[in-house]
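Reader: I'm new to this one and would like to learn how to read it. Could you walk me through it feature by feature?

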Amino acid sequence: MKLLDALLDLLYPPRCTFCHRMLRNGHAPVCEKCLLALPYTGPLARREKIAHLDACYAPLFYEKDVRESLLRFKFDGLTGYAGVYAGFMLKCIDENGISCDSIAWVPVSRKKLRSRGYDQAQLLAQELAVRMGLPCRKMLVKNRENRQQSLLANAAERRANVKGVYDCPSPEIVQGKHILLVDDIVTSGATLSECARILRQNGALSVTAIAVACAKDGK
Ligand SMILES: [Zn+2]
């Protein structure tokens, strides 16, 4: 196994999850420089006033290396990042005393899942579920493709664009639950809000959201 690891390192040298520079010492997934200099949200981790959500949290701001890293995770197949991000999210969950009894995620459509091969928010939810010892359930499905939220200019358009896009196929797994809803990035919060609306409509007692990163200005 050690020989295989050494060969793999030679072929694919381990790189920092965020700045993507080669890691010289050890196999920590994040280099020391990034650990010190990442755009942590700190006291700004919590966002309130997103309709239907109790609160929304993110450990990092969506900018620079965090942005580049999340793009590799989402589009270049670097699925191993999920475990690294989950570590940051877990710290945020602990620091903010977030409590829940079930984990769900904001799903991609079946079409997107086929073309991409994985659902990035599901990977994050599964990593968190293992670490927190909680069930991770498919509480939502995305029933059609909509326009990309980030291409829409204002909040009203974003709300309209996600309306009715998600369904809850098995209300019995949602009823009476305190749900942690996981996504990769939160911008305006319109998608998370719509997902939380559906979960509440189907009997969720509370819905708290967490993402890896959030936009600084909520756009
Ligand atoms: Zn780095």
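Reader: Which domains does the protein chain have?

Author: Domain bounds come from an automatic or database domain assignment. Here that assignment gives domain 1 (1-37) and domain 2 (39-214). Residues are numbered from 1 along each chain as its sequence is written. Keep in mind that this is a predicted model: local features need pLDDT of at least 70, side-chain atom pairs count only at pLDDT 80 or more, and totals for chains, interfaces and linings use all residues.

Reader: How many residues from each domain take part in the contact?

Author: Two residues are in contact if their C-beta atoms, placed from the backbone, lie within 7 Å. The contact takes six residues from domain 1 and five residues from domain 2. The C-alpha centres of the two domains, by the way, lie 27 Å apart.

Reader: OK, a helix next. What should I look for in H3?

Author: Helices (H or I, at least four residues) and strands (E, at least two) are DSSP runs, numbered from the N terminus. H3 covers residues 64-75, twelve residues. Then check which residues are buried (20 or more other C-beta atoms within 10 Å of their own), exposed (12 or fewer) or partly exposed (in between), with C-beta atoms placed from the backbone. In H3, Val66, Ser69, Leu70 and Phe73 are the buried ones.

Reader: Why do the buried residues line one face of the helix?

Author: An α-helix has 3.6 residues a turn, so residues three or four places apart point the same way. Seen down the axis of H3, the buried residues fall within an arc of 95° (taken from the directions from the helix axis to the C-beta atoms), so they line one face. On the other side of H3, Leu71 and Phe75 are exposed.

Reader: What do the buried residues of H3 pack against?

Author: Their partners include helix H4 (81-95), helix H6 (120-132) and strand E7 (178-186).

Reader: Let's follow E7, then. How does E7 run relative to E4?

Author: Two strands pair if DSSP finds at least two bridges between them. Four bridges join E4 to E7, and the two run parallel. Alanine 104 stands opposite leucine 181 in E7. In E4 (residues 102-105), Ser102 and Ala104 point one way, Ile103 and Trp105 the other, and all are buried.

Technical notes: Expected span 1.5 Å × (residues − 1).
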